[in-house]
Amino acid sequence: MSLIELVKTKFLDEIRATAPGQWKVLVVDEHSKRLLTANVKDNDILSERVTMIDLITTYRPPEPNMQAMYLVMPTTQNIDRIIKDFTDKQNYASAWLYFTDRITERLLNRLVQSPANPYLQKVSDMYINFWGELISVKRQYSS
């Protein structure tokens with residue numbers, strides 16, 4: 001199995017494991033979107049009970065009956081956006097968080113001490129950020 005197939009399988013397995021049997025929204029940042037696009041077709045994602053793929057930086061209408069799967073880099077800005085999704089108004093029924101790299105203890109503590117905590121179903125590091133570096137190198141040398 002090629003590295004591309006392994007990464008694709010990892011993405012799709014995590015999507016399937018997120019709120020099994022339920023419809024969900026996939027929320028990504030720009031970096032994660034590039035990682036996804038390089039490995040998985042949108043149709044493959046949408047066929048796994050994903051209704052839409054939204055950028056975390058854009059306005060997203062509340063979907064309080066929908067599960068949310070976040071695939072983002074573990075940055076302060078992304079953590080703040082996740083917290084905001086569950087503060088004042090509840091944007092989603094629950095959150096399944098997948099980070100491209102290891103989340104720092106400081107950011108994890110900020111998250112679990114926030115209003116989002118009761119809605120967190122899973123917090124996981126996927127350790128897939130290396131893939132973005134491989135794509136950049138491949139593009140650089142294939143030009």
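**View 1. A nonpolar patch on the surface of the predicted model is formed by M1, L3 and L6.** Together, these residues of the predicted structure have about 330 Å² of accessible area. One of them, L6, has its place in helix α1, which covers residues 3–17. L6 counts as partly exposed because its relative accessibility is 46%, and this class lies between the limits of under 20% for buried and over 50% for exposed.

**View 2. Strand β4, made up of residues 92–99, is largely enclosed by the rest of the structure.**

**View 3. Strand β3, residues 63–72, pairs with β4 in the parallel sense.** The pairing of β3 and β4 extends over 7 bridges, and in one of the places to look for, E63 has Y92 of β4 as its bridge partner. Together with helix α4, which spans residues 76–84, the strands β3 and β4 make a β-α-β unit that is right-handed.

**View 4. Strand β5, residues 120–125, runs parallel to β4 and is joined to it by 5 bridges.** Within this pairing, the residue W96 stands opposite K122, which belongs to β5. Between β4 and β5 the chain passes through helix α5, residues 105–112, and this β-α-β crossover is right-handed.

Key: Residues are numbered from 1 along each chain as its sequence is written. This is a predicted model: local features need pLDDT of at least 70, side-chain atom pairs count only at pLDDT 80 or more; totals for chains, interfaces and linings use all residues. Side-chain values use heavy atoms; hydrogens and water are left out. Buried means under 20% relative accessible area, exposed over 50%, partly exposed in between (1.4 Å probe, protein chains only). Helices (H or I, at least four residues) and strands (E, at least two) are DSSP runs, numbered from the N terminus. Two strands pair if DSSP finds at least two bridges between them. A crossover is right-handed if, with the strands pointing away from the viewer, the path from the first strand over the helix to the second runs clockwise. Patches are made of residues with over 30% relative accessible area and no salt bridge: like charges are joined within 9 Å, nonpolar side chains (Val, Leu, Ile, Met, Phe, Trp, Tyr) within 5 Å. Accessible areas come from the Shrake-Rupley method with a 1.4 Å probe; for residues, only the protein chains shown count as cover. A salt bridge is a side-chain nitrogen of Lys or Arg within 4 Å of a carboxyl oxygen of Asp or Glu.
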